[in-house]
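Please open the model in your viewer and keep the selection panel at hand. The stops below move from one selection to the next.

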Amino acid sequence: MTRWGILATGHIAARFAEDLRLVPGAELVAVGSRTAETAQRFAQRHGVPRAYASWAELAADAEVDVIYVATPHAAHYEAARTCLEAGRPALVEKPFTLDLATTTELVDTARTAGVFLMEAMWMRCNPLILRVRELIADGAIGTVTGVRADFGVEGPFPPEHRMRARALGGGALLDLGVYPVSLAHLLLGTPQHVRAWAKLGPEGTDENTGLVFGYDSGAIATLSCGMVGASGLTASITGTAGRIELPEPFFRPGGFTLHRSGAEPETITEELVGSGYQYEAIEVQRCLAEGLTESPLVPHSATLEIMALLDDIRAQIGVSYL
C-alpha cells in the first residue's frame with residue numbers, strides 16, 4: 001500500500017484525490033494546507049484521516065510515503081522543497097516552478113538526497129499518448145516532420161486571478177502553454193531554434209502567445225496558447241509517411257486517428273476513467289516500488305529542458321515574475 005499526502009486543497013487537489021481512488025494500492029492518508037480550517041474541510045470532504053495546518057507538518061508525517069504538491073505554481077518551489085528537506089518523495093504539479101534556476105535547485109536537492117521527485121505532467125503518463133509514442137517509434141507515420149498544438153481558454157479573468165497576476169506566475173504560457181511545449185518536446189526533443197511572440201496584458205503577463213520551434217532535422221513545431229478565446233485544444237503530428245490527429249483535449253484524448261500513407265484512416269480508442277490523474281499516480285507508485293528516484297516517463301532531464309525552453313520564451317516575449 002502506498003500512503004499519499006496531498007499538499008494544498010484547491011480544485012486540482014480535489015480531482016487528484018478523486019482519481020486516487022481508482023489506483024490499486026493507493027491510500028490517501030493526510031492533507032496539508034496553510035490553515036487548519038481548509039485542511040479539515042478538505043479532509044472531511046474526501047475522507048482523509050489526518051489534516052495538517054502547515055506544509056511542514058504534512059511533510060514530517062513518517063506515515064506518508066509520497067506527497068502530491070497541488071498548489072498554484074508560484075508556490076511549487078517552496079512546497080516541494082519542504083517535502084524534499086523532510087526526505088519525503090514528491091509529485092509536483094506542472095509547471096514545476098517559475099524558472100529553470102529553482103527547478104534545477106529542486107532536482108539537485110532530490111538527486112543529492114536520493115529522494116524521488118517527479119513533475120506531474122500527466123499527459124506523459126496517459127495510455128493513449130504512450131500509444132502514440134509507440135506507433136511513432138515503430139515508424140507508423142515515418143519520420144516526424146511537424147507538430148501542431150493549441151491550448152486556448154475563454155476569459156476574461158480578473159486582474160488578481162492567478163491566470164493574470166504576475167506575482168502568481170500568471171499568463172497563458174506556464175499554465176496552458178506548457179502542454180503544447182511538452183508535446184513537442186516529447187516527440188521531437190529540444191529545438192535548436194525558438195521564436196515567440198505574445199500580446200501582454202496590463203499586468204505584464206502573456207494573454208495570447210504563439211511559438212515556432214525549429215529543429216536541425218528540418219522538423220517544425222507550431223504551438224499556441226492563450227486566454228482570450230477557447231481554441232480547439234487539438235494537436236496533429238505529421239510524418240513523412242502519414243500523420244496522427246489528436247482530438248480535444250489533446251493532452252487527455254479519448255482516442256486518436258492514425259492516417260498511414262495509402263491506407264484508410266484508423267481510429268484508436270481506449271476507455272479512460274476518472275479525470276486522468278490516476279495514471280501519473282500509478283507511475284509514481286511503480287517507481288517507488290522499484291526504488292527509482294525519477295520516472296523514465298517524466299525524467300528530470302525533460303523537466304529541466306522544458307523549463308529552459310519556457311525561460312527562453314519568456315525572455316523573448318518580455319515576461320518576468322519578479
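Begin by selecting residues 130–245, a span that is 22% helix and 36% strand and whose end C-alpha atoms lie 14 Å apart; helices (H or I, at least four residues) and strands (E, at least two) are DSSP runs, numbered from the N terminus. UniProt, in an unreviewed entry, places the feature "domain: GFO/IDH/MocA-like oxidoreductase" at these residues, and such annotations may be inferred rather than shown by experiment, with positions given in the numbering used here and feature names shortened.

This is a predicted model, in which local features need pLDDT of at least 70 and side-chain atom pairs count only at pLDDT 80 or more, while totals for chains, interfaces and linings use all residues. Residues are numbered from 1 along each chain as its sequence is written, and side-chain values use heavy atoms, with hydrogens and water left out.

Next, select residues 3–119, where the unreviewed UniProt entry places "domain: Gfo/Idh/MocA-like oxidoreductase N-terminal". Over residues 3–119 the chain is 43% helix and 22% strand, with the end C-alpha atoms 19 Å apart.

Within that selection, turn to helix α1 (residues 11–20), whose buried residues are A13, A14, F16, A17, D19 and L20; buried means under 20% relative accessible area, exposed over 50%, and partly exposed in between, with a 1.4 Å probe and protein chains only. Which elements do the buried residues of α1 pack against? They pack against the strands β1 (2–7), β2 (26–32), β4 (66–69) and β5 (90–93), and against the helices α2 (36–46) and α8 (278–289), where contact means heavy atoms within 4.5 Å.

Now move to I268, which lies in strand β14 (residues 266–269). Is I268 buried or exposed? Its relative accessibility is 15%, so I268 counts as buried. Leaving aside residues up to four places away in sequence, I268 touches L128, L135, G255 and F256. For G255, 13 residues from I268 along the chain, the C-alpha atoms of the two are separated by 5.4 Å.

Finally, select the whole chain, whose secondary structure comes to 9 helices and 14 strands. Its radius of gyration, taken over C-alpha atoms, is 20 Å, close to the 20 Å that the globule rule (2.2 Å times the number of residues to the power 0.38) gives for 322 residues, so the chain is as compact as a globular protein of that length. Along its principal axes the C-alpha trace spans about 60 × 45 × 35 Å, and 55% of the 322 residues count as buried.
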